[in-house]
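Please take a moment with the sequence and the model shown here, and then follow the paragraphs below through its core, its domains and its annotated sites.

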Amino acid sequence: MFGDIVETKQCQLKDPMDLFHSGQVVKICAPMVRYSKLAFRTLVRKYNCDLCYTPMIVAADFVRSEKARDSEFTTNKGDHPLIVQFAAKEAQVLCDAARIVCPFADGIDLNCGCPQRWAMAEGYGACLINKPELVRDMVRHVWNQIDNPRFSVSIKIRIHEDLKRTVDLCQKAEATGVSWITVHGRSVEERHQPVHYDAIKIIKQSMSIPVVANGDVKTLKDAENVHHLTGADGIMVARGLLANPAMFAGYEETPLKCIQDWVDIALEHGTPFTCFHHHLMYMMERVTSKQEKKVFNVLSSTSAVLDYLKDHYGV
């Protein structure tokens, strides 16, 4: 399933549901705060990533403020298929946000998995896994108010200590018409503990809609293993893609061509220096020595970074 995918560009399929019905495992770039923005999505799409998410956007701010819309959401014609992830706790607010992005994206995702304290204190993210009726209400509202049948509505969750509760949540969401469910195989309290792939497998076996596995995938081989362990229809990757945006194309570490592509794309998109530099620090983590990192990581301007890359790598 995965072998063929390295050879072919699945991104020609613009509808996310077509991807899930293609018979191939869907390779997905996770929503990452600050990082999964347009320039980075453009890069990973060049290296066999099928589906990209925006960073999580707080729906209430997005609906209320034009400034928030301009800073949080940028896209272009090549940026498809694209899922916009929202943090929300009110059905109508989520609907309003979905209506704004509907002409420019292929679907929305409701974040029910963010474990950060601020998000949970505000009633967002992972606290929603304990409110299946609210999740169902929000999904139903979006379906009732968006009249594009090809627009997807998905949710991303963490698991409960008692997996029966997670299965119940997923089945209620499925009954409401959720397009697919992404499962990060850890509980809210767990951060770096091993991912519970067995739990994802049980959830997958309990559902008839696609299930995406998320957590601790660092290489294409890992992705294959997780697919075999869980039966998941898609594999979502966060840190593994930051470290190696060419991962889904089968590269073990970031190739120089990918670093060159990032420089070109980031400059073309006017990516702020801090973001431009941080991505390079992640990408070069495995290919630079400790001494090189000491120098590279403290560079403070785009021109200094470009000079360094040219002198040391011919980029």
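A nonpolar core is a set of buried Ala, Val, Leu, Ile, Met, Phe, Trp, Tyr and Cys residues that are joined through side-chain atoms within 4.5 Å, where buried stands for under 20% relative accessible area, exposed for over 50%, and partly exposed for what lies in between, computed with a 1.4 Å probe on protein chains only. The model is a predicted one, in which local features need pLDDT of at least 70 and side-chain atom pairs count only at pLDDT 80 or more, while totals for chains, interfaces and linings use all residues. Residues are numbered from 1 along each chain as its sequence is written, and side-chain values use heavy atoms, with hydrogens and water left out.

How far can the coordinates be trusted along the chain, given that pLDDT is the predictor's confidence in each residue, from 0 to 100? The mean pLDDT of the protein chain is 94, and 96% of its residues reach 70 or more. Over residues 1-12, however, pLDDT stays under 50, although the model has 37 contacts beyond four places in sequence for them, a contact being heavy atoms within 4.5 Å. Where pLDDT is low, the predicted coordinates should not be read in detail.

The domain assignment, whose bounds come from an automatic or database source, gives domain 1 (16-246) and domain 2 (256-313). Their C-alpha centres lie 29 Å apart, and 16 residues of domain 1 are in contact with 13 residues of domain 2. The largest nonpolar core has 90 residues, and those with the most contacts inside it are Phe86, Ile155, Ile181 and Leu280. Because domain 1 and domain 2 both give residues to this core, it lies between them. A second, separate core of 11 residues includes Phe20, Ile83, Val212 and Met236.

Leaving aside neighbours within four places in sequence, Leu280 itself is in contact with Ile259, Trp262, Phe296, Val305 and Leu309.

Ala97, in helix α6 (residues 91-101), is buried at 0% relative accessibility, and beyond its neighbours within four places in sequence it is in contact with Ala59, Phe62, Val63 and Phe86. The C-alpha atoms of Ala97 and Ile259, which are 162 residues apart along the chain, are separated by 34 Å.

Finally, the unreviewed UniProt entry annotates as "binding site" Pro31, Met32, Val33, Gln85, His184, Ala238 and Arg239; its positions are in the numbering used here, its feature names are shortened, and its annotations may be inferred rather than shown by experiment. The lining of the largest pocket takes in Pro31, Met32, Val33, Gln85, His184, Ala238 and Arg239 from this set. Pro31 is in the loop between β1 (26-29) and α3 (38-46), and it is buried, with a relative accessible area of 17%. Val33 has its place in the loop between β1 and α3, but counts as partly exposed at 44% relative accessibility.

Key
1 Å grid on protein atoms, 1.4 Å probe; cavity = no way out; pocket = protein on both sides within 12 Å on 5 of 7 lines; lining within 4 Å. Helix = DSSP H or I, 4+ residues; strand = E, 2+ residues; numbered from the N terminus.
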